[in-house]
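Trainee: I would like to learn how to read a model of this kind. Please take me through it feature by feature.

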Amino acid sequence: MQTSPVRHSVAQRPVVQRPVAQQPGWPDTEVLRTVKHRLAASLPLVMPRESDLLKHRLAAVAEGRAMLLQGGDCAETLDTSLSVMENRLDTLSRMAAALSGRTALPVVVLARMAGQYAKPRSSAFEARDGVTLPSYRGESVNGLEFTAAARTPDPHRMLRAHEAAAATLNLARALVGGSPTTTRGHVPEELFVSHEALLLDYETPLTRIDPYSRRPYAGSGHLLWAGERTRDPDGAHIAYLAGIRNPVAVKVGPTAEPDELLALIERLDPDQEPGRLTFVVRMGATVVRENLPLLVEKVAASGARVGWVTDPMHGNTYTAPSGHKTRGFDAVLDEITGYFDVHHALGTHPGGIHLEMTGEDVTECVGGHTGIGHDDLATRYESACDPRLNREQSLELAQLVAEIAASRRTPATAWT
Ligand SMILES: O=C[C@H](O)[C@H](O)COP(=O)(O)O
Ligand SMILES: C=C(OP(=O)(O)O)C(=O)O
């Protein structure tokens, strides 16, 4: 019989009563309560010692001795397949090899996977042809189909998401542990998983007390992050992240002020624990050079030891004439270049990259050497939410980032 040393859920203990942004309006609180009890009784997906190991690896990123490659779907679906998993891991592995080969730094691979089932939305509702329904918020909340039935939030979906996460992680671990003759292509040597800690009704029941350290850890993934829309230092998401011992990250958008980052550091990393906190900058190519320097300067001056990473996707989204949400490869590259330039000028370590990407040949982002244009978007647009770089675009970008990183060495980067 499988036993787990981490089985005491803290699900029913309210972390703190605070405003909770971006939560679904569950129609039936009794069903919600039952589902939370079932999640609380289920096995965790990851173990505290694995999260501690990731924290240790991320300390090397924060200290300029390693780079982070974080990537995966915008919104995972429940129907992933073996070949999609293999292609994703193979692509991540090749990207890591490109980064590592050119910079001579180890690369920590952190998949957006096995938990990326909940999405924050700009608008709570979507209107089509005079019909208004709740926006799609990810597979753990409601369905993508534009019908009232599919769009009504259903707490049972959290159980299905948990099952899908377990199956995904199980397969990923098998692929990572498998020999090259039993798996197709490359796999990262060591794999960690991450997702946005958006749905507190999912995260809280899966939070467990580690019997060894007696401290709470998220059992749903190795690293959890707070998004741009839920990073209020006084909000419930930051209170939740403050209460767990996993490594955590926070997205930093164009409106972020130095004082907000200092407040986040105070809440999330008061002991200045190496690897505990990473800031993921997603400002947009047009503002990163202007807005980022002050933030990095003020954080560095505070003595905090956070890691910095660029997410060049979320600040560069626009709607193509066909109506598809898309991102341009050139803007993505421009934001990365600006981000590395800022760190180079300040003598700080740029840390790495966070991407929405897939190993499939989808047509969701435009540009890159294969020349995907607006007219191609409809050919294979499969994302349930935001557009991802496809396999060729991801590999091309990794080569270019490796060149940028290698040509902008900073004193804070412990180059060999
Ligand atoms: O991945 C991200 C968010 O959920 C997304 O960018 C929000 O998209 P929206 O502006 O279409 O709601
Ligand atoms: C929603 C996301 O990003 P952000 O919070 O930066 O908008 C995301 O990474 O899925």
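Mentor: We go from the whole chain to single residues.
This is a predicted model, in which local features need pLDDT of at least 70, side-chain atom pairs count only at pLDDT 80 or more, and totals for chains, interfaces and linings use all residues. Residues are numbered from 1 along each chain as its sequence is written, while chains are lettered from A and ligands numbered from 1 in the order in which they are written.

Trainee: What does the secondary structure of the chain come to?

Mentor: Helices (H or I, at least four residues) and strands (E, at least two) are DSSP runs, numbered from the N terminus. Here there are eleven helices and 14 strands.

Trainee: How does the radius of gyration of the chain relate to that of a compact globule?

Mentor: The radius is taken over C-alpha atoms, and the globule rule is 2.2 Å times the number of residues to the power 0.38. For 416 residues the rule gives a value near 22 Å, and the chain, with 20 Å, agrees with it. The C-alpha atoms fill a box of roughly 55 × 50 × 50 Å along the principal axes.

Trainee: Which residues does UniProt list for "binding site"?

Mentor: UniProt positions are given in the numbering used here, feature names are shortened, and annotations may be inferred rather than shown by experiment. The unreviewed entry lists Arg112, Glu228, Arg229, Lys251 and Arg282.

Trainee: Is Glu228 buried or exposed?

Mentor: A residue is buried if 20 or more other C-beta atoms, placed from the backbone, lie within 10 Å of its own, exposed if 12 or fewer, and partly exposed in between. Glu228 counts as buried because it has 20 such neighbours. Arg229 has 17, so Arg229 is partly exposed. Glu228 is found in the loop between strand E8 (223–226) and helix H7 (236–243), and Arg229 lies in the loop between E8 and H7 as well.

Trainee: What do Glu228 and Arg229 touch?

Mentor: Two residues are in contact if their C-beta atoms, placed from the backbone, lie within 7 Å. Not counting residues up to four places away in sequence, Glu228 touches Lys251, Gly253, Arg282 and His314. With neighbours within four places likewise left aside, Arg229 is in contact with Ala21, Gln22 and Pro120.

Trainee: Which residues are around ligand 1?

Mentor: A residue is near a molecule if its C-beta atom, placed from the backbone, lies within 6 Å of it. Around ligand 1 are Cys74, Lys119, Pro120, Arg121, Ser122, His314, Cys385 and Asp386.
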